[in-house]
Amino acid sequence: MKSKWLWAAGVLVLLVVAFQSLRGAAPTERQRTSTEPAATAVSIAIAAQRDLPIFLKASGRAEAKASVTVKSRLDGQVAAILFKEGAPVRRGQVLLRMDSASAEAQLRQAEALIGRDQAQVDRLAGESKRNTALFNQGFISQNGLGQTQADLQAGKATLRADQASRDAARLQLGFTAVVAPLDGVAGAALLPVGGAAKANDTALVVVNQVRPIYVTFALPESELERVKGALAHATVPVYASVPGSTSSSSGQLAFLDNAVDPSTGTILAKATFPNDDGRLTPGQFAEVKIPIERLPAAVVVPVAAIESGVDGPFVFVVKADSTVEIRPVRVAAESEGWSAVTRGLRAGEKVVTDGQPHLRAGSRVATGASAPLRLP
């Protein structure tokens with residue numbers, strides 16, 4: 001009986017040992033999961049097939065389409081400043097008034113001379129009429145009549161000369177009102193009230209025409225043929241953005257210089273912009289973009305997805321099982337933050353755009369929702 005109990009106890013011990021061995025050899029699913037490497041959080045984008053515009057970029061400066069230095073047309077002192085510095089002005093708007101006392105005195109003198117001349121002509125006309133009647137009756141000679149008529153003609157000539165002097169005096173008086181020669185923006189007043197101006201010499205204010213406005217920039221001679229080709233077939237749009245602005249102004253290419261600067265290898269170009277919003281100011285720095293080509297039906301991804309390796313560019317492609325593979329690609333062009341891939345990638349495939357330094361082939365990744373590509 002005792003041997004049976006010993007045998008049963010031995011079997012029980014063997015069962016317990018076997019159970020403990022199996023527990024140690026077969027980890028639970030939670031244990032197996034905890035031993036696998038954690039997924040790497042990354043950002044992704046989905047490759048799309050679209051037309052990609054290629055831009056030629058340059059740096060330039062805004063330039064007034066016309067800049068006029070306003071001067072007085074007569075000597076005198078500034079009597080009043082009637083414009084607001086830095087404000088828009090219209091063509092014909094009175095900007096300043098010069099002291100008009102001298103011009104008014106000359107006009108009054110000219111009008112007085114005309115009054116005297118008119119009285120003289122009226123007297124001579126009466127004498128001519130009377131002498132003509134006397135000549136017809138034989139009371140005066142032909143010479144007497146001729147002298148009267150000559151005096152009348154001389155009086156009329158003097159009247160016309162003084163009338164011209166009056167017109168000149170009126171013109172001079174008109175010059176005391178200094179007007180804007182064009183629509184634009186007035187600068188600072190260059191002469192204060194009471195300051196003396198010399199005719200056609202002293203600058204009073206500068207008016208810049210800014211609607212429309214030019215942006216002047218230099219293009220490399222290597223791109224000249226492409227720009228000329230685009231200009232020959234259609235109007236070439238140009239986009240300009242200024243520092244601190246999140247949007248750009250739209251214009252068109254207006255001018256290419258007739259010679260390349262041999263010292264810089266560039267050619268001067270100008271684009272004109274309506275500038276209705278007044279965003280561009282003369283002298284302001286501007287980044288210029290010219291669309292000169294468009295790649296049709298290109299597979300595009302963000303530039304951030306392209307990695308550089310010893311064998312050339314590559315991307316991390318996210319597979320259906322959330323692991324990544326390294327895919328060599330060929331990049332045809334880059335534009336506005338996008339890369340056109342001509343080999344190694346298909347539209348619809350997911351590529352990693354952030355987190356690549358932590359990845360290798362076969363790495364498991366965790367991704368969020370991918371936004372559709374928005375091309376320029």
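Mentor: Let us begin with one pairing in this predicted model: Val 318 stands opposite Lys 350 in strand β19.

Trainee: Which strand pairs with β19 here, and in which sense do the two run?

Mentor: Strand β15, residues 312-318, is joined to β19 by 2 bridges, and these strands run antiparallel. Strand β1 (residues 40-46) also pairs with strand β19 (residues 350-354) in the antiparallel sense, over 4 bridges, and within that pairing Ile 46 stands opposite Lys 350. As a general idea to carry along, the side chains of a regular strand alternate between the two faces of the sheet.

Trainee: How many helices and strands does the protein chain have?

Mentor: The chain has 5 helices and 20 strands. Of its 376 residues, 32% are buried, and among contacts between residues at least 6 apart in sequence, 76% join residues at least 24 apart.

Trainee: How should I read the packing of helix α3 and helix α4, and at what angle do their axes cross?

Mentor: In general, two packed helices are described by the angle between their axes and the distance between the axes. Here the axes of α3 (residues 101-136) and α4 (residues 142-174) come within 8 Å and cross at roughly 160 degrees. Because angles over 145 degrees count as roughly antiparallel, α3 is roughly antiparallel to α4. The crossing of α3 past α4 is left-handed, and the contact between them has 14 nonpolar, 13 polar and 10 charged residues.

Trainee: What should I look for in the backbone, and which peptide bond is cis?

Mentor: Most residues other than glycine have a negative phi, and most peptide bonds are trans. In this structure the peptide bond from Arg 211 to Pro 212 is cis, with omega near 0 degrees, and Pro 212 lies in strand β9. Asn 200 has a positive phi, near 60 degrees, and is found in the loop between β8 (196-197) and β9. Ser 322, which is not a glycine either, has a positive phi of about 65 degrees, and its place is the loop between β15 and β16 (324-328).

Trainee: Is Asn 200 buried or exposed?

Mentor: Asn 200 is exposed, since its relative accessible area is 55%, whereas Ser 322, at 31% relative accessibility, counts as partly exposed.

Trainee: Where is Glu 223 placed, and which residues does Glu 223 touch?

Mentor: Glu 223 sits in the loop between β9 (203-220) and α5 (224-233). With a relative accessible area of 16%, Glu 223 is buried, and, leaving aside residues up to four places away in sequence, Glu 223 touches Leu 56 and Ile 292.

Note on methods
Residues numbered from 1 in each chain as written. Predicted model: local features only at pLDDT ≥ 70, side-chain atom pairs only at ≥ 80, totals over all residues. Heavy atoms only, no water. Axes fitted to C-alpha atoms, helices over the stretch in contact; angles between N-to-C directions. Parallel < 35°, antiparallel > 145°, perpendicular 65-115°, else oblique. Left-handed = near helix turned anticlockwise from the far one by under 90°. Nonpolar A, V, L, I, M, F, W, Y, C, P; charged D, E, K, R; others polar. Buried < 20%, exposed > 50% of the residue type's maximum accessible area, 1.4 Å probe, protein only. Contact = heavy atoms within 4.5 Å. Pairing = 2+ DSSP bridges.
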